[in-house]
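This report describes selected local features of one protein chain. The sequence and the structure are shown below.

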Amino acid sequence: MTPRRGYADGPYGQIHFQDTGPADTALVLCSQSPLTSGQFDYVYPLLAEAGIRTIGIDTVGFGMSDPPPGPPTIGDFATSIPAVLDHLDIEKAHVGGHHTGCKIAMEAAIAFRDRVQSVVLSGPGPMSREEQLTYIDTVLEAEKSYTAKADGTHLSDMFVKRYSWIKDHPDGLNLCTGYIVQQLIGRGPFWYGHHAAFNYDGAEAMLKLTQPALALFNTGDMLYPLAEKTRNLCPHFAYAELDGGGVDITDQNP
């Protein structure tokens with residue numbers, strides 16, 4: 001089963017999405033940075049078989065979605081969700097996300113409460129400002145320093161670093177190639193995603209949620225150490241854990 005692709009008009013231009021088609025339950029999925037709706041390619045058919053209409057959205061500026069005029073916020077990313085729901089004539093949906101997508105899901109639930117029934121938060125990271133600044137100084141600054149090189153080593157360097165996270169998967173080489181393509185194909189700078197994520201107060205957002213929430217963790221994720229903090233902050237959430245995996249859990253354990 002292959003989702004149908006489509007476009008909706010949003011505040012910053014066209015929004016690209018994938019849609020598995022009619023079902024009584026609709027679930028919108030938001031990806032981690034700097035990937036696209038392709039992050040959930042292994043997940044779409046499983047959810048469709050379970051009777052869930054799954055709609056993966058390319059984050060604003062990523063994949064085939066148009067970029068904003070400047071560095072966006074998580075709030076800017078979240079505006080794509082009601083735009084896609086309107087385009088598909090869906091009144092309400094459940095919204096889930098992984099890492100950056102998790103923050104987009106939360107913000108959509110806060111900003112558009114009447115459109116979001118519940119949230120699934122895969123890898124929620126209620127970071128302190130000090131922790132955010134550490135990621136800004138390392139991950140974000142490395143992304144901002146990206147430049148193309150005449151010998152193509154900018155591509156091989158990206159691949160070698162990224163492959164270390166997925167090398168144990170039987171299809172790891174092809175998956176990693178896809179990750180690099182997804183990272184570079186966007187119509188906006190790929191550092192936009194982590195810039196928005198590391199300047200968003202996830203802890204404050206969690207406390208503002210009024211819809212039912214599931215916090216989903218996998219033990220090999222770099223954000224797993226924040227699982228206990230999430231439990232203490234929001235003991236009313238439902239919780240689930242998957243064993244192992246990393247940032248690519250949707251491919252490792254769909």
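The model discussed here is predicted. Tyr 146 counts as partly exposed, because its relative accessibility is 30%. This residue is found in the loop between helix H5 (129-144) and helix H6 (153-163). Together with Leu 155 and Leu 184, Tyr 146 makes a nonpolar surface patch of about 220 Å².

When residues up to four places away in sequence are not counted, Tyr 146 touches His 154, Met 158, Leu 184 and Phe 190. The C-alpha atom of Tyr 146 is separated by 9.8 Å from that of Pro 189, a residue 43 positions apart along the chain.

## Strand pairing

Strand S1 (residues 4-10) and strand S2 (residues 13-19) run antiparallel and are joined by seven bridges. The two strands form a hairpin, with two residues between them. Within this pairing, Ala 8 has Ile 15 of S2 as its bridge partner.

S5 and S6, by contrast, pair in the parallel sense, over five bridges. One of the pairs is formed by Val 95 and its bridge partner in S6, Val 119. Strand S6 spans residues 116-122 and is mostly covered, with five of its seven residues buried.

## His 98 and its surroundings

Which residues surround His 98, leaving aside its neighbours within four places in sequence? The contacts are Cys 30, Ser 31, Gln 32, Gln 39, Ser 122, Asp 221, Val 247 and Ile 249. His 98 itself is found in strand S5, which covers residues 93-98. Its relative accessibility is 1%, and His 98 therefore counts as buried.

Among the contacts, Ser 122 also takes part in a polar contact: its side chain and that of His 98 are joined at 2.8 Å.

## Salt bridges

Side chains of opposite charge can pair when their charged atoms come close.

The side chains of Asp 19 and Arg 53 meet in a salt bridge with an N to O distance of 2.7 Å. Asp 19 lies in strand S2 and Arg 53 in strand S4 (residues 52-57), so the pair ties together parts that are 34 residues apart in sequence. Both Asp 19 and Arg 53 are buried. A further salt bridge, at 2.6 Å from N to O, is formed by the side chains of Arg 162 and Asp 248. Because Arg 162 lies in helix H6 and Asp 248 in the loop between strand S8 (238-242) and helix H11 (249-252), this pair ties together parts that are 86 residues apart in sequence. Arg 162 counts as buried at 11% relative accessibility, and Asp 248 counts as buried at 2%.

Arg 231 and Glu 241 meet through their side chains in a salt bridge of 3.8 Å, N to O. This pair links distant parts of the chain, with Arg 231 in helix H10 (residues 227-233) and Glu 241 in strand S8, ten residues apart. Are these two residues buried or partly exposed? Arg 231 counts as partly exposed because its relative accessibility is 31%, and Glu 241 counts as partly exposed because its value is 38%.

## Backbone features in loops

A cis peptide bond joins Ser 33 and Pro 34, with omega of about 0°. Pro 34 is placed in the loop between strand S3 (25-30) and helix H1 (44-49).

Asp 89 is not a glycine, yet it has a positive phi of about 55°. Asp 89 lies in the loop between helix H3 (80-87) and S5. Its relative accessible area is 72%, so Asp 89 is exposed. His 99 likewise has a positive phi of about 55° without being a glycine. The place of His 99 is the loop between S5 and helix H4 (100-111). With a relative accessible area of 11%, which is under the 20% limit, His 99 is buried.

Notes:
Residues numbered from 1 in each chain as written. Predicted model: local features only at pLDDT ≥ 70, side-chain atom pairs only at ≥ 80, totals over all residues. Heavy atoms only, no water. Helix = DSSP H or I, 4+ residues; strand = E, 2+ residues; numbered from the N terminus. Buried < 20%, exposed > 50% of the residue type's maximum accessible area, 1.4 Å probe, protein only. Polar contact = N/O pair within 3.5 Å; in protein donor to acceptor, adjacent residues only side chain to side chain. Contact = heavy atoms within 4.5 Å. Patch = residues over 30% accessible without salt bridge, like charges linked within 9 Å, V, L, I, M, F, W, Y side chains within 5 Å. Areas by Shrake-Rupley, 256 points an atom, 1.4 Å probe, with all protein chains shown as cover. Salt bridge = Lys/Arg side-chain N within 4 Å of Asp/Glu carboxyl O. Pairing = 2+ DSSP bridges.
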